[in-house]
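Please read the following note beside the sequence and the three-dimensional view. The points are numbered so that each can be checked in turn.

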Amino acid sequence: RKIIGWSMQTTLGQSLVLDAFDMAYQRTQPDAGVIFHSDRGSQYASRAFRRTLKQKKFRQSMSRKGDCYDNACAESFFHTLKVEEVYPCLYATRAEARHRIFDYIEVFYNRIRRHSYLDYLSPEEFEHRWRIAANWSSMKSRQDQLAVTEKMSALLTVDYLKERSKRGSRQKFEAVLATVPDVEPEEFDRL
């Protein structure tokens, strides 16, 4: 669900998808053989884009004609973007629109907005926890596993308390939060 590559231009052409693809590629540096799925738009079928996919060793996949369900995840994102950001706003300039949409995608959608499909986590938090779980078996000792379990428990407790604080008193929330061990998500980066 995380948006890893995007671009905005005044026209819908091959440079738009090339820019978005380049951003996604630079951010993730994926292995060869990744499938790139899209609708059947001419910008995805262009020689330049197909050549780029081939150079990066991607496999191209396109939706069946008239079948939006093949690309439902992307369709859902664009619907959400329009309903939550674009339609309610009146942008004075293209630069303002670009700035606001950047904020929506990079700050809100990827890092804050909770997704029911991701068990009500943001895409960033879901990915972070997935990385921890993926590295679990490679941890050298049971002591490392217990330390990570304690820190994950503390993070989940903080999440829970933040959620509860929306409905309860702020002082009570801060008093309970003070009893939770200090945990920074950066601590997990070494995993």
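In which loop does Asp-119 lie? Asp-119 lies in the loop between α5 (94-111) and α6; point 5 returns to this residue.

1. Basis of the note. This is a predicted model, in which local features need pLDDT of at least 70 and side-chain atom pairs count only at pLDDT 80 or more, while totals for chains, interfaces and linings use all residues. Residues are numbered from 1 along each chain as its sequence is written, and side-chain values use heavy atoms, with hydrogens and water left out.

2. Overall architecture. The protein chain contains eight helices and two strands. Helices (H or I, at least four residues) and strands (E, at least two) are DSSP runs, numbered from the N terminus. Along the sequence, these elements follow the pattern α-β-α-α-β-α-α-α-α-α. Of the 191 residues in the protein chain, 29% are buried; buried means under 20% relative accessible area, exposed over 50%, and partly exposed in between (1.4 Å probe, protein chains only). The protein chain exposes about 13300 Å², of which carbon and sulfur atoms supply 53%; accessible areas come from the Shrake-Rupley method with a 1.4 Å probe, and for residues only the protein chains shown count as cover. Among the contacts (heavy atoms within 4.5 Å) with a separation of 6 or more, 51% involve residues 24 or more positions apart.

3. Packing of α1 and α3. How do the axes of helix α1 (residues 14-28) and helix α3 (residues 47-55) cross? The two axes come within 9 Å and cross at roughly 20 degrees. Therefore α1 is roughly parallel to α3. Axes are lines fitted to C-alpha atoms, for helices over the stretch in contact, and angles run from 0 to 180 degrees between N-to-C directions. Angles under 35 degrees count as roughly parallel, over 145 as roughly antiparallel, 65 to 115 as roughly perpendicular, and the rest as oblique. On the α1 side, Gln-14, Val-17, Leu-18 and Phe-21 meet Ala-48, Phe-49, Thr-52 and Leu-53 of α3. By class, this contact of α1 with α3 has six nonpolar, two polar and no charged residues. Here Ala, Val, Leu, Ile, Met, Phe, Trp, Tyr, Cys and Pro count as nonpolar, Asp, Glu, Lys and Arg as charged, and the others, Gly among them, as polar.

4. A buried loop residue. Asn-71 is found in the loop between β2 (59-62) and α4 (72-86). Its relative accessible area is 15%, so Asn-71 is buried. Beyond its neighbours within four places in sequence, Asn-71 is in contact with His-37, Ser-38, Asp-39 and Ser-63. Asn-71 and Ser-38 are 33 residues apart in sequence, yet 6.5 Å apart in space, C-alpha to C-alpha.

5. Two positive phi angles. Asp-119 has a positive phi of about 60 degrees although it is not a glycine, and with 63% relative accessibility Asp-119 counts as exposed. Gln-29, likewise not a glycine, has a positive phi of about 45 degrees. Gln-29 is placed in the loop between α1 and β1 (35-38) and is partly exposed, with a relative accessible area of 45%.

6. The side chain of Arg-129 makes a polar contact with the side chain of Glu-125 (2.5 Å). A polar contact is a pair of N or O atoms within 3.5 Å; within protein, one must be able to donate a hydrogen and the other to accept it, and residues adjacent in sequence count only if both atoms are side-chain atoms.
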